[in-house]
Amino acid sequence: MTIELYAFPPSPRAFKVMALANHLGLDWTLRPLDLTKGEQKAPAYAALNPNMRMPTLKEGDYVLWESGAILQYLAGKKPESGLLPTDDAGRLNVTRWQFWDASHWDPACATFLFENLVKPVILKLGEPDQAALAKGAELFHRIAKVLDDHLKRNKFVAGDRLTIADFSIAAPLNYAAMVRLPLEHYGEITRWYGTVRALPAWQKTLAQSAPAAAAA
C-alpha cells in the first residue's frame, strides 16, 4: 500500500519526512499542497488534518499528522535501519531531541525563515522586520549553543549513528545561507549538517523540494 504525503515541499517540516521516506527507500507519493494558495484549508484536506497544516501522512485508511510522529511512523517501517532505536533508552533519546526540535530549534530558525524568505519573497509582504530579527538572533544563539556543544561530543544528534533526530533538526539548515542564519561561530553544527546534507536521499529531496533549497 502506497504512502501518501500531503506536503508543501519547500517547507523544512515537509522536507524532513520526504527525505526520510527517500532514505528508507519507501514507496510513497507526494500530494502537493500550495500553502500560498490556501490549499490546506480545502474541506477535503481539513477532514484529514483539522489543524489545516502539513505534512500529513495517509496510508490506506490510516492518517497521521505532525512531522515528528510521521518520522517515527516511517522509521518503524524499517526498524532494521536503526533510525529509531528499539531499546527504551535509545528511542527516548531520539524522541527527546525531536521534542527539543519542536519546542526550541524550530522556533529559533523560524524567525529567520519567515522574515528573510517567506515574508518578502513568497508572500511579498514587505521588508524584514529588523526588530524581530534581532530578537530572533538572541533566541537562536542560546539554542544553537546547546546543539553545537552537544555535537562536540557526538558525531550525530543522538550519538554515533544517524537517526530521525538528524533528519528533524537538519531540515531548516537547507536555507541557512538564504535566510542568513548566524552560524558563523557554530563549527560543529556546520560539520554535522554537511554530513547529513551529503546523504544521497538528502540530495534527492533537495531536487524534489525547491530550486531555492538546492542552491542555498
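This is a predicted model: local features need pLDDT of at least 70, side-chain atom pairs count only at pLDDT 80 or more; totals for chains, interfaces and linings use all residues.
Figure 1. Helix H4 covers residues 88-122. At Asp-101, H4 bends by about 45°. Lys-124 follows H4 and has a positive phi, near 55°.

**Figure 2. Crossing of helices H4 and H5.** Helix H5 is formed by residues 130-151. The axes of H4 and H5 come within 9 Å and cross at roughly 145°, and the crossing is left-handed. On the H4 side, the contact is made by Trp-97, Trp-100, His-104, Trp-105, Pro-107, Ala-108, Cys-109, Thr-111, Phe-112, Glu-115 and Asn-116. H5 contributes Ala-132, Leu-133, Gly-136, Ala-137, Leu-139, Phe-140, Ile-143, Ala-144, Val-146, Leu-147 and His-150. By residue class, this contact of H4 with H5 comprises 16 nonpolar, 5 polar and 1 charged. An α-helix has 3.6 residues a turn, so residues three or four places apart point the same way.

**Figure 3. The loop between helix H2 and strand S3.** This loop lies between H2 (43-48) and S3 (56-59). Most residues other than glycine have a negative phi, and most peptide bonds are trans. Met-52, located in the loop, has a positive phi of about 55° although it is not a glycine. Pro-55 is found in the loop between H2 and S3 as well. The peptide bond from Met-54 to Pro-55 is cis, with omega near 10°.

**Figure 4. Secondary structure and dimensions of the protein chain.** The protein chain contains 10 helices and 4 strands. Along the sequence, these elements follow the pattern β-α-β-α-β-β-α-α-α-α-α-α-α-α. The radius of gyration of the chain is 17 Å, close to the 17 Å that the globule rule gives for 216 residues, so the chain is as compact as a globular protein of that length. The C-alpha trace spans about 45 × 40 × 25 Å along its principal axes.

Methods: Residues are numbered from 1 along each chain as its sequence is written. Side-chain values use heavy atoms; hydrogens and water are left out. Axes are lines fitted to C-alpha atoms, for helices over the stretch in contact, and angles run from 0 to 180 degrees between N-to-C directions. Helices (H or I, at least four residues) and strands (E, at least two) are DSSP runs, numbered from the N terminus. A crossing is left-handed if the near helix is turned anticlockwise from the far one by less than a right angle, and right-handed if clockwise. Contact means heavy atoms within 4.5 Å. Ala, Val, Leu, Ile, Met, Phe, Trp, Tyr, Cys and Pro count as nonpolar, Asp, Glu, Lys and Arg as charged, and the others, Gly among them, as polar. The bend at a residue is the angle between axes fitted to the seven residues ending there and the seven starting there. The radius of gyration is taken over C-alpha atoms; the globule rule is 2.2 Å times the number of residues to the power 0.38.
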